[in-house]
Amino acid sequence: MELLLGISNFLKTYLFDQPGFLIGIVAFVGLLIQKKGISEVISGSVKSVIGFLIVSTAAGIIAGAVFPIADILNKIIGIEVSTAGAIGQEGFINQWGSEITIIMTGSFFVNILIARFTKAKFVYLTVHQMFWMIFVYLAAFLEVVPVPNIPMLLVLGSILGGIYFTLQPAITQPFLRKVTGNDNFAYGHTTSFGVIVASIVGNVFKGKKEQTSEDIKIPEKLSFLKEITVSTALIMTLLYTIGVLLAGNTYIVENISEGQAPISWAINQGLTVSLGITVLLVGVNMMIAEIVPAFRGISQKIVPNAIPALDCPVVFSFAPTAVMLGFVSTLSTVIICTLIFGVTGFYSLTPPVITTFFAGGPAGVFGNSTGGWRGAVLGGIVVGLLISFGQALTVGALSTTVADFARWSNDLDYAVFPYFFRKIIEFLAMIFHF
Amino acid sequence: MKVYAICGAGVGTSTLLKMNIEDVYKKLNLNFTYRIYNTSVSLAKSANADLIYSFQSFEKDVQDMSAHVIIINNLMDLEEIENKTIEYLKSINKI
């Protein structure tokens, strides 16, 4: 008995409580299953752990760079935004990283089981979005139940996760078919709610569907916007500069920039957001590099005729101009919402630049499939509204955990619904006293 | 030979494409050493690839790099990857 406890404690301290180790184990097992050589198994496992740590570190950088916005907006429009006492995204990843990893793996297996035994033959391969989806909803759950029964949490999370990762592509498929014309692959991305809505609202211009966006030429000069590093740096720097100018030199120097000249500080902050996101993407790349082939390999053995649910850029080539139209429409809408929300004192919105691209782009493609270029633009606008209101809702719903994440990443599936999910958990907790 | 799969963010689609390229290369049993990586458009220039696989959306962005570019339409279509790879490798007498 003592030996068991000793082993269990050892595992807990040196494995489970080390945030990145579990992802290394998943990669390790995955590489072994793929029968890779010992050198590759070691290399791949270590790299996935480092990737995880890069993600956690980058999360801290992004949070630090985005944080002062709250104070600045408070000065300009007088909205009280309190993030005191929150764990924060970096802390949350370090504290709950092992649980997230286990639920991610568990929900993958639930996904392939559902695909194997039902008609929903979809296997979700967008591993990095599995991570963020579970990250957000685990946080929402912990808001209500801060000290949960861990085994129950892991089982419940895996089941709910697996259901989402199977159902989401299934529900999106009829709308994706209007874009691709086939069932060769499915859409497996956390912007699914947005693209479905965009497809539906595109019907407003049903009569003009043939006036496709692809007949329009986008000037080459705008192509720099496609690069995340560049567009984030430019847009965030611009926003910070405007914010600093509106808040006034004295306030900024005394309270925010620790003596640094305001505009210089603003440029630094804007560039730091881009730094954080660029590094984050490198970390995610390393973290999932070994896990994706493992997941795909396993799914091919168990559900060989499954349709792979893929990352959102797979729809880009079907309507590249629509991607730009959708992105620009969404970004413009979000920026306008920032102004209107601020002026009315409703909420201090931080434009989530990376989301505006990965939600707005596909929304343009789906909107174009039902309503031509007008559908693409309208789809982008509606998605922009959903993102903006979604951020306001979600930041409130995650106030003691990862509200800082909700300030820069608002993929609709985890930006529109967490508030309602939390309400459901509160209701259930009340009834079942947990 | 340094082979790179390139996409926008260097995370989702390029990881899947890299995975499929690896499967194809393994099947082709090539007699030269190669390593396959994946990264984003932004980091592609400093990667110094010999051969790049990418998508239509990024064709213009990867054009002026010294690497040869193969454009893939369906990243999950192993046949397409295989055919285009063989076509290129034949043209440089590596197969």
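## A walk across the A/B interface

Start by showing both chains: 26 residues of chain A are in contact (heavy atoms within 4.5 Å) with 22 residues of chain B. Before you go further, keep in mind that this is a predicted model, in which local features need pLDDT of at least 70 and side-chain atom pairs count only at pLDDT 80 or more, while totals for chains, interfaces and linings use all residues. Residues are numbered from 1 along each chain as its sequence is written, chains are lettered from A and ligands numbered from 1 in the order in which they are written, and side-chain values use heavy atoms, with hydrogens and water left out.

**Stop 1: the interface as a whole.** Colour the surface by element. The two chains, A and B, bury about 2,000 Å² between them, and 61% of that lies on carbon and sulfur atoms. Buried area here is the accessible area (1.4 Å probe) that two parts lose on being put together, summed over both. Now select K226(A), N285(A) and R296(A): in chain A they lose the most area to chain B, together 24% of what that side buries.

**Stop 2: the chain A side.** Select α9 (228-247), α11 (262-288), α12 (291-302) and β3 (307-310) of chain A, each of which supplies at least two residues of the side that touches chain B. Helices (H or I, at least four residues) and strands (E, at least two) are DSSP runs, numbered from the N terminus. The largest share of that side, five residues, comes from α11(A).

**Stop 3: T15(B).** Move to helix α1 (residues 12-28) of chain B and click on T15(B). Is T15(B) buried or exposed? T15(B) counts as buried, because its relative accessibility is 4%; buried means under 20% relative accessible area, exposed over 50%, partly exposed in between (1.4 Å probe, protein chains only). Not counting residues up to four places away in sequence, T15(B) touches I288(A), A289(A), V292(A) and N38(B). Its side chain makes a polar contact with the side chain of N38(B) at 3.2 Å, and the T15(B) side chain also reaches the backbone oxygen of V11(B) at 2.3 Å.

**Stop 4: two positive phi values.** Select N48(B), in the loop between α2 (41-44) and β3 (51-54) of chain B. N48(B) is not a glycine, yet has a positive phi of about 55°; at 56% relative accessibility, N48(B) counts as exposed. Finish at N93(B), in the segment after α4 (78-91) of chain B. Phi of N93(B) is near 55°, again a positive value in a residue other than glycine, and N93(B) is exposed, with a relative accessible area of 70%.

Notes. A polar contact is a pair of N or O atoms within 3.5 Å; within protein, one must be able to donate a hydrogen and the other to accept it, and residues adjacent in sequence count only if both atoms are side-chain atoms.
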